[in-house]
Structure formats: structure tokens, C-alpha cells
Amino acid sequence: MAKCVLAIDQGTSSTRTILFNHEGRILGQSQKEHKQFYPKPGWVEHDPLEIWENTCQLIQQVLAETGVAKDDIAALGITNQRETTLIWQKSTGKPIHNALVWQDTRTDAIITQLASTGGQDRFRGKVGLPLATYFSGPKIAWLLENVPNAREQSEAGDLLFGTIDTWLIWNLTGGTNGGLHLTDVSNASRTMLMNLDSLDWDADMLAELQIPETLLPTIMPSSGFYGECRIADLEGVPIAGDLGDQQAALFGQNCFRPGEAKNTYGTGCFMLMNTGNYPVQSHHGLLTTLGYKIGQEAPVYCLEGSIAITGALVQWLRDNLHLIEKSSDVETLAETVEDSGGIYFVPAFSGLYAPYWKSDARGVIVGLTRFINSGHIARAVLEATAYQTREVLDAMFQDSGVELKELRVDGGMTRNNLLMQFQADILGVPVIKPVVAETTALGAAYAAGLAVGYWEKKEELIANWQMDRHWEPAILPEQRARLYAGWKKAVTRTFDWVD
């Protein structure tokens with residue numbers, strides 16, 4: 001048996017390569033940040049060529065540092081920042097424009113126009129999503145209309161669309177020399193273009209957004225054989241797993257049964273609950289999305305609450321206000337005060353996502369007095385993540401009727417003890433972190449390993465899961481209710497800011 005599985009975890013702020021053994025433990029990893037571009041307020045872009053170059057460097061680096069050879073790798077799994085949209089030329093491999101990141105709000109006019117007939121939930125029944133700038137389909141439409149000659153090139157068949165997984169798979173399997181143009185059901189479900197029932201591109205949605213189907217990749221299962229790598233460092237290694245990052249975290253947290261849920265704390269924050277083999281439509285601001293599909297098995301659906309700005313708010317504190325030197329310093333600064341001093345920070349930098357879906361909202365800090373110092377601001381930054389998670393959990397309960405007994409958590413922010421304790425406090429349930437917190441990459445590895453028989457069945461993955469830490473609620477219900485009521489009041493102050 002090959003001794004490990006490789007995962008590429010291409011995130012919003014960085015790319016990582018991680019090698020996992022059969023017990024789901026990390027053998028080695030490498031990571032590199034990529035540049036964020038903000039050409040206009042609300043616009044967020046990435047350079048796809050930089051992401052691809054970083055990926056190649058990180059593959060070389062993790063293999064060199066661990067001494068693992070390509071023949072030791074059973075399979076490659078990919079997980080990616082979802083909704084981030086790019087279009088490139090099939091003939092040259094060059095993007096026609098920087099990638100439009102999932103946080104980007106430039107499609108607001110398109111969304112408003114679409115919603116003018118039938119409202120924000122006009123297409124929810126077939127695609128599971130409200131009309132919002134978040135999703136890929138409107139971003140494709142913007143690129144085709146605004147990049148010179150893009151419409152003509154697409155009609156000539158020389159352009160390809162992909163989320164970042166598709167871009168990486170195409171390059172890994174040959175690029176301009178026969179690269180495979182593929183994605184999986186979880187990523188396809190975030191475009192607003194895939195029908196939830198058929199798991200295929202929806203002709204009506206393509207017509208509505210004027211997107212030619214020739215632009216789109218073939219939709220595959222999340223766990224299954226895609227093709228073999230054709231780059232030197234991974235020549236012959238099968239690509240066998242592909243999941244959007246939040247679905248990969250669900251998979252890595254072993255949420256295989258209906259009602260099981262996880263929350264990932266990264267650039268944004270994302271809670272997913274497994275709802276089984278049938279889509280559950282949300283009436284409280286959540287998304288209905290594909291969780292995963294293993295080979296020929298029935299697809300698994302999820303309810304999801306998406307929060308745009310969590311870890312990104314800590315980065316803003318570091319990069320824009322320079323109150324901290326590195327992201328991990330936020331906890332030290334926040335610990336200099338006992339509480340947030342009565343302030344709330346609602347980070348609606350790109351509008352509000354779940355459960356509000358208000359693209360015209362913008363961020364606020366409320367409750368400021370002369371008493372407030374940098375420690376209070378740092379603490380309010382952390383508490384904002386916990387409050388937003390509470391809002392999503394409330395909506396999830398209203399839609400599903402399932403009351404969570406515990407919340408499984410993962411992602412970089414789970415290293416912040418103050419945040420995790422406040423999360424338990426404001427939810428009123430235990431918060432549990434696994435030994436391997438990098439569950440996004442682990443989920444991609446698990447999907448790939450299952451497809452090639454490295455792991456024979458899901459029960460092996462469940463046996464690998466072990467608890468690292470847990471946090472119990474430590475405040476009274478009256479205090480919890482008072483703090484949360486203040487948050488809900490603060491959120492209303494963000495509404496209708498952009499005319």
C-alpha cells in the first residue's frame with residue numbers, strides 16, 4: 001500500500017499542501033499566502049497564475065521536506081475556496097482577467113436586475129440559493145460582458161470557466177496539452193447554475209445569465225477517479241477527490257449522518273449540517289447545497305450558513321489598522337480587557353451573508369465611548385465571529401428542528417482559546433475541536449483515498465477522529481440573552497447603507 005495521500009488546500013488567503021497517513025495524521029505540510037487585490041471598494045481579486053505557481057512550489061516543498069516520493073502517494077485530493085470565479089483561454093492557458101473572489105460584490109447590479117422579477121428567492125427552488133453577489137454564475141456573466149472580446153471568444157469555444165479546483169485540475173492534467181476540464185457536485189452547486197435534483201447544468205439558468213454551456217466543466221462525484229497528474233513531481237498520481245472547502249471540512253469532520261454539523265473558522269465562517277439524501281429548502285436565510293457524492297452513491301445534501309468576514313476581520317485589524325503584528329496577537333490584545341466594553345463590531349464589509357443576505361449593508365462599530373481602547377476593539381473583533389455563528393445556528397434550528405448538542409469546530413481560528421470559550425458561552429453548548437484541526441484538507445484526502453481503496457469504507461475515517469479540546473459554556477443564560485440582544489440591535493445599524 002502507498003503510504004500517504006496528498007491534499008491541495010487552496011484557500012482564500014493561502015495555499016497549502018498536506019500529506020496524510022492512513023490514521024489521518026499529518027506527515028508534512030507547506031503553506032504560502034497569495035496577494036489580495038482590491039481595485040475598487042467591494043471588489044476582491046486573486047491572480048490565478050500566482051495561485052498555480054504557488055501550488056507547484058508547495059508540492060515540491062512538501063515532498064522534499066518529508067522525503068515522500070510520488071510513488072508513495074496513493075491519490076491526490078483537492079479542496080478550494082468556493083465561488084471564486086475565473087475564465088481562461090483554452091489555447092494559451094492564460095486567464096482573461098484576475099479571478100473574482102467569492103467576497104467580491106461587483107455583480108450587485110446583475111443581482112438587482114434578476115431579483116426585480118420574482119424576488120431574491122426567484123431561483124431557490126431549483127438551485128438552493130438566493131440571489132446574491134456571493135455565487136459564481138453572475139460573476140461569469142460579469143466577466144463575459146465586461147472583459148473585451150470575452151463574449152466572442154466564448155462563442156468561438158476558446159474560453160473555459162472554473163472555480164479554483166477546476167483551474168488546478170486542468171493544469172495538473174496537462175493544461176493546454178489536453179488538460180481535463182472538471183469540477184465536482186459540491187463546487188457546481190455554488191454557481192447558481194446546477195440543478196439540485198439532476199446534478200447537471202440547468203438550461204434555464206444558463207439562458208437567464210447568457211452563459212454558453214461550452215464554457216462549463218463536466219460535473220463529477222466528489223470522490224472518484226478524475227485522471228492522472230501530468231506534472232513532473234506528481235506524474236501518474238491519480239486525482240480522485242474534489243470538494244469545495246466547507247464540504248471538505250464536513251467530510252473531514254465525519255459528519256456522515258443527517259443532523260451532524262460542523263463550523264469552520266477561516267477567512268469566513270461556514271456552518272454545514274448534513275440533511276441526508278434529499279435537499280431541504282431553507283426559509284430562514286440558509287443555503288441548500290450539495291454536501292458530497294461518493295462514486296455512484298446517492299448525493300448528500302446540506303443546509304449551510306455562510307458568514308463572509310471572520311478571520312478576515314483579524315487580518316483587517318493587522319493590515320489596515322496595524323493594531324497587531326500578526327494574526328495570533330489578537331488574542332493577547334483582547335485578553336488585556338475583561339470584556340468588549342459594550343461595543344459591537346459588525347463586519348459587513350461585503351454586505352451581510354446568512355441569514356440576512358443584504359448586499360447593501362456595510363460594517364459598523366457601535367457603542368463607542370472614551371473608555372474604549374485597542375483591547376476592547378480586539379475583543380469585539382473576536383466576539384463578532386461567535387455572534388454571527390449563533391445567528392446561523394438559530395436559523396439552522398428553525399429550518400431543521402434539530403437542536404445541536406455540541407458543535408464540532410475546525411480551521412485556523414480554533415487555536416484562539418478566548419474565541420472558542422466565548423463561542424461556547426454564546427451558543428450554550430459544548431464546542432469540540434478534533435486532534436487534526438485541518439479538516440478541510442483532511443476531507444479532500446479522505447475523498448481521494450476512498451476512491452482508490454486507500455481507505456475501504458467511511459467507518460475507517462470515523463475511527464480516526466479524536467477529540468483534542470472542548471469548551472463548556474461558562475456564563476448564565478440571562479447574560480447570554482443580554483449580550484446577544486445587543487448584537488442583534490447592532491446588526492440593524494448596518495442595513496441599507498449603500499444606496
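Modeller: Buried means under 20% relative accessible area. The structure discussed here is a predicted model.

Colleague: Is Thr-105 buried or exposed?

Modeller: Thr-105 sits in the loop between β7 (99–100) and α2 (108–115). Leaving aside residues up to four places away in sequence, Thr-105 touches Gly-42, Thr-133, Ser-350 and Arg-362. Its relative accessibility is 10%, so Thr-105 counts as buried.

Colleague: Where does Leu-76 lie, and what is its relative accessibility?

Modeller: Leu-76 is part of strand β5 (residues 73–80). Its contacts, not counting residues up to four places away in sequence, include Leu-6, Ile-8, Leu-172, Val-237 and Ala-448. Leu-76 counts as buried because its relative accessibility is 0%.

Colleague: How many residues apart in sequence are Leu-76 and Gln-210, and what is their C-alpha to C-alpha separation in space?

Modeller: Along the sequence, Leu-76 and Gln-210 are 134 residues apart. In space, from C-alpha to C-alpha, they are 34 Å apart.

Colleague: How many residues are in the second, separate core?

Modeller: Val-68, Ile-73, Ile-164 and Ile-169 are among the members of this second core. It is separate, and its residues number 31.

Colleague: Which residues does Phe-251 touch, not counting residues up to four places away in sequence?

Modeller: Phe-251 belongs to the largest nonpolar core. With residues up to four places away in sequence left out, its contacts are Phe-256, Tyr-292, Ile-294, Gly-443, Tyr-446, Ala-447, Leu-450 and Leu-461.

Colleague: Which are the edge strands of the open sheet of seven strands?

Modeller: The strand order is β15-β16-β14-β13-β19-β20-β21, and the pairing is mixed. Neighbouring strands are turned by 30° against each other on average, direction ignored. An edge strand here pairs on one side only, and the two are β15 (287–292) and β21 (467–471).

Colleague: What is the bridge partner of Thr-264 in β14?

Modeller: Strand β13 (residues 261–265) pairs with strand β14 (residues 269–276). The sense is antiparallel, over five bridges. In β14, Thr-264 has as its bridge partner Phe-270.

Colleague: What angle does the direction of α12 make with that of β16?

Modeller: Helix α12 packs on the sheet and touches β13, β14, β16 (300–307) and β19 (407–410). Its direction and that of β16 make an angle of about 145°.

Colleague: What is omega for the peptide bond from Ala-354 to Pro-355?

Modeller: Pro-355 is in the loop between β17 (344–346) and β18 (364–366). The peptide bond from Ala-354 to Pro-355 is cis, with omega near -5°.

Colleague: Is His-322 buried or exposed?

Modeller: His-322 is in the loop between α10 (311–319) and α11 (329–334). Its phi is near 55°, a positive value in a residue other than glycine. Exposed means over 50% relative accessible area. With a relative accessible area of 61%, His-322 is therefore exposed.

Note on methods: Residues are numbered from 1 along each chain as its sequence is written. This is a predicted model: local features need pLDDT of at least 70, side-chain atom pairs count only at pLDDT 80 or more; totals for chains, interfaces and linings use all residues. Side-chain values use heavy atoms; hydrogens and water are left out. Helices (H or I, at least four residues) and strands (E, at least two) are DSSP runs, numbered from the N terminus. Buried means under 20% relative accessible area, exposed over 50%, partly exposed in between (1.4 Å probe, protein chains only). Contact means heavy atoms within 4.5 Å. A nonpolar core is a set of buried Ala, Val, Leu, Ile, Met, Phe, Trp, Tyr and Cys residues joined through side-chain atoms within 4.5 Å. Two strands pair if DSSP finds at least two bridges between them. Axes are lines fitted to C-alpha atoms, for helices over the stretch in contact, and angles run from 0 to 180 degrees between N-to-C directions.
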